[in-house]
Amino acid sequence: MRNSPQTLSAPGGSAQRPRRKVFIKPGHSQLDWMRLSTSGEDLRGVSQLQVLTMEEIAQHNKRDDCWMVVRDKVYNVTRYIDFHPGGRGQLMRAAGKDGTELFYDTHPWVNIETMLEKCLVGVITR
Ligand code: HEM
């Protein structure tokens, strides 16, 4: 409904960009993600934080092995893919890449540092 809270754009969002509805599998809400990421399960897939080059990160560009850089931090987003409210395809646009611009162009209000804290693999060296 026009002007309902659901259709108002979020801070930093563009009024011109329509929100797209994406099918998310049952059990993959944001609350489910928070539950998984605080469960103690290993979501990083590395034993210690690393300093990585873009070449190393580029190797992890598949759905079952997906890393992404946002603001110089490297995240293993493999487990997050099915939880992404914007859909798998959107997230995969930055697979194995520096997704900083894409991320902040799309949703500057999303707190990635908190949401993906347990997915941190390391930092990038330039
Ligand atoms: C860099 C590649 C990414 C792209 C291209 C992308 C794209 C999108 C798109 C198109 C939406 C739907 C926006 C809408 O119309 O409502 C969305 C939503 C969302 N994405 Fe991403 N995303 C990316 C990465 C991420 C990452 C790494 C996270 C993890 C923190 C994330 C978290 C979210 C959240 C929480 C929403 C829901 C936002 C809201 O409803 O306010 N995204 N994303």
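Does Arg126 count as buried or exposed, and at what relative accessibility? Arg126 counts as exposed, at 70% relative accessibility. Here are some notes on the rest of the model, which is a predicted one.

1. **Overall layout.** The protein chain carries 5 helices and 5 strands. Followed along the sequence, these elements come in the order α-β-α-β-β-β-α-α-α-β. Of the chain's 126 residues, 33% count as buried.

2. **Salt bridges in general.** Searching the whole structure turns up 7 salt bridges.

3. **Lys25 and Asp82.** These two residues form a salt bridge in which the closest N and O atoms are 3.1 Å apart. Lys25 sits in the segment before H1, while Asp82 belongs to the loop between S4 and helix H3 (88-92), so the contact ties together parts that are 57 residues apart in sequence. Both ends are partly exposed: Lys25 has a relative accessible area of 37%, and Asp82 is at 25% relative accessibility.

4. **Glu113 and Lys73.** Here the closest N and O atoms of the salt bridge are 3.3 Å apart. This pair, too, links distant parts of the chain, with Glu113 in helix H5 (residues 112-115) and Lys73 in strand S4, 40 residues apart. Glu113 counts as partly exposed at 41% relative accessibility, and Lys73 as partly exposed at 26%.

5. **Asp98 and Arg126.** Back to the residue of the opening question: the side chain of Arg126 meets that of Asp98 in a salt bridge, at 3.2 Å from N to O. Asp98 lies in the loop between H3 and helix H4 (100-106) and Arg126 in the segment after strand S5 (120-124), so distant parts of the chain, 28 residues apart, are linked. Asp98 is partly exposed, with a relative accessible area of 33%, whereas Arg126 counts as exposed. Elsewhere, salt bridges with shared partners join Lys25, Asp82 and Arg88 into one network.

6. **A positive patch.** On the surface, Arg17, Arg20, Arg93 and Lys97 gather in a patch of positive charge. One of its members, Arg20, is found in the segment before helix H1 (30-37). Arg20 counts as exposed because its relative accessibility is 57%, and exposed means over 50%.

7. Most residues other than glycine have a negative phi. Arg71 is not a glycine, yet its phi is positive, at about 50 degrees. Asp72 also has a positive phi, near 70 degrees, and is likewise a residue other than glycine. Arg71 lies in the loop between strand S3 (65-70) and strand S4 (73-76), and Asp72 is found in the loop between S3 and S4 as well. In terms of accessibility, Arg71 is exposed, with a relative accessible area of 56%, while Asp72 counts as partly exposed at 37%.

8. **Cysteines.** How many disulfides does the count come to? The count comes to 0 disulfides, by the rule that the sulfur atoms of a cysteine pair must be within 2.5 Å. Cys66 is buried, with a relative accessible area of 0%. Cys119 counts as buried too, at 0% relative accessibility.

Note on methods:
Residues are numbered from 1 along each chain as its sequence is written. This is a predicted model: local features need pLDDT of at least 70, side-chain atom pairs count only at pLDDT 80 or more; totals for chains, interfaces and linings use all residues. Side-chain values use heavy atoms; hydrogens and water are left out. Patches are made of residues with over 30% relative accessible area and no salt bridge: like charges are joined within 9 Å, nonpolar side chains (Val, Leu, Ile, Met, Phe, Trp, Tyr) within 5 Å. Accessible areas come from the Shrake-Rupley method with a 1.4 Å probe; for residues, only the protein chains shown count as cover. A salt bridge is a side-chain nitrogen of Lys or Arg within 4 Å of a carboxyl oxygen of Asp or Glu. Lys and Arg count as positive and Asp and Glu as negative; His and the chain ends are not counted. The place of a charge is taken as NZ of Lys, CZ of Arg, CG of Asp or CD of Glu. Helices (H or I, at least four residues) and strands (E, at least two) are DSSP runs, numbered from the N terminus. Buried means under 20% relative accessible area, exposed over 50%, partly exposed in between (1.4 Å probe, protein chains only).
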